[in-house]
Amino acid sequence: MTSVGGGTVAGDGTSSTSSAISRWTYTLSQRYQHFLDKSTPQVLHRWIFFAVIALIYSIRVFMVQGFYIITYALGIYIIQLLIAFLSPQVDPEVDGPTLPTRGSDEFRPFVRRLPEFKFWYSLTKAVCIAFVLTFFSAFDVPVFWPILLFYWLVLFISTMKRQIMHMVKYKYVPFTFGKQRYGKKVPSTDERSASKP
């Protein structure tokens with residue numbers, strides 16, 4: 001309380017509370033961002049973490065025998081993310097062929113529309129949100145789950161067929177394993193023995 005002109009005025013406690021909350025939120029967001037930055041190069045560990053939480057979500061849905069609409073929506077979102085992950089950043093259908101189509105073309109690396117880290121992060125967030133929603137009975141809409149599974153399979157197969165046809169038409173592969181790597185050449189044993197005096 002402060003005295004103003006003979007009267008007393010209550011101190012403003014809401015501003016100190018809001019600044020403390022904003023400081024706490026800022027600190028929490030910094031720690032969260034630090035965790036994400038540290039996890040970026042840990043590709044295998046991140047995907048193992050995702051597999052564990054996806055398994056926990058699956059067990060939760062299996063145990064409660066419900067929340068099939070949430071799972072269906074999650075499945076559609078996963079298809080959307082997968083298509084963005086497999087697509088080039090610049091679509092050759094819209095912007096013309098920017099990927100090399102012949103051996104004489106200039107090399108251009110494949111750049112994804114959705115990078116691997118953002119793909120993992122979006123999947124992880126989606127599964128966590130879906131897991132939290134399974135604790136609210138309002139989202140447990142009774143449906144015949146085999147129909148939803150059939151719809152999802154039809155959607156997945158048709159979407160992947162279209163994506164694979166796009167890959168074949170514009171001759172790109174969105175994966176790096178199995179591709180030839182260029183860099184330091186390790187000399188063969190014949191070259192090493194010929195270089196010795």
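Reader: Where does valine 143 lie?

Author: In this predicted model, valine 143 is part of the loop that runs between α5 and α6.

Reader: Is that residue buried or exposed, or partly exposed?

Author: Valine 143 counts as partly exposed, because its relative accessibility is 31%.

Reader: Which residues is valine 143 in contact with, leaving aside its neighbours within four places in sequence?

Author: The contacts are with Tyr68, Ile69 and Leu148.

Reader: And how far is valine 143 from isoleucine 69, in sequence and in space?

Author: The two are separated by 74 residues in sequence, while their C-alpha atoms are 7.5 Å apart.

Reader: Tyr68 and Ile69 belong to α3, I see. How do the axes of α3 and α6 cross?

Author: Helix α3 covers residues 68-86 and helix α6 covers residues 145-170; their axes come within 10 Å and cross at roughly 5°. That angle is under 35 degrees, so α3 is roughly parallel to α6.

Reader: Which residues of α3 and α6 meet?

Author: On the α3 side, the residues are Tyr68, Ile69, Tyr72, Gly75, Ile76, Ile79, Leu82, Ile83 and Leu86. They meet a set in α6 that includes Trp145, Leu148, Trp152, Phe156, Thr159, Met160, Gln163 and Met167.

Reader: Staying with α6, which of its residues are buried?

Author: The buried residues of α6 are Leu148, Thr159, Met160, Gln163, His166, Met167 and Tyr170. Among them, Leu148 is also a contact of valine 143.

Reader: How many residues does α6 have, and how far does it reach?

Author: It has 26 residues, and the distance from its first C-alpha to its last is 37 Å, close to the 38 Å expected at 1.5 Å a residue.

Reader: What follows α6?

Author: Lysine 171 follows α6, and its phi is positive, near 55°.

Reader: Changing topic: how many salt bridges does a search of the whole structure find?

Author: The search finds one. Its partners are arginine 46 and glutamate 116, with the closest N and O atoms 2.8 Å apart. Arginine 46 sits in helix α2 (residues 43-64) and glutamate 116 in helix α5 (residues 116-133), so the pair ties together parts that are 70 residues apart in sequence.

Reader: Which of these two counts as buried, and which as partly exposed?

Author: Arginine 46 is buried, its relative accessible area being 3%. Glutamate 116 counts as partly exposed, at 22% relative accessibility; the cut-off for buried is under 20%.

Reader: What span should α5 have, and how far apart are its end C-alpha atoms?

Author: The 18 residues of α5 should span 26 Å at 1.5 Å a residue, and its end C-alpha atoms are 26 Å apart, which agrees.

Reader: Which residues of α5 are buried?

Author: They are Phe119, Trp120, Ser122, Leu123, Thr124, Ala126, Val127 and Ala130.

Reader: Which residues does the UniProt annotation "transmembrane region" cover?

Author: The unreviewed UniProt entry gives that annotation to residues 43-63, 69-86 and 119-137. In the model, residues 69-86 are 100% helix and 0% strand, with end C-alpha atoms 26 Å apart. Residues 119-137 are 79% helix and 0% strand, and their end C-alpha atoms lie 29 Å apart.

Reader: To finish, how many helices and strands does the protein have?

Author: There are seven helices and two strands, in the order β-β-α-α-α-α-α-α-α along the sequence.

Reader: And what percentage of the residues count as buried?

Author: Of the 197 residues, 23% count as buried.

How values were computed:
Residues are numbered from 1 along each chain as its sequence is written. This is a predicted model: local features need pLDDT of at least 70, side-chain atom pairs count only at pLDDT 80 or more; totals for chains, interfaces and linings use all residues. Side-chain values use heavy atoms; hydrogens and water are left out. A salt bridge is a side-chain nitrogen of Lys or Arg within 4 Å of a carboxyl oxygen of Asp or Glu. Helices (H or I, at least four residues) and strands (E, at least two) are DSSP runs, numbered from the N terminus. Buried means under 20% relative accessible area, exposed over 50%, partly exposed in between (1.4 Å probe, protein chains only). The expected span of a helix is 1.5 Å times one less than its number of residues. UniProt positions are given in the numbering used here, feature names are shortened, and annotations may be inferred rather than shown by experiment. Axes are lines fitted to C-alpha atoms, for helices over the stretch in contact, and angles run from 0 to 180 degrees between N-to-C directions. Angles under 35 degrees count as roughly parallel, over 145 as roughly antiparallel, 65 to 115 as roughly perpendicular and the rest as oblique. Contact means heavy atoms within 4.5 Å.
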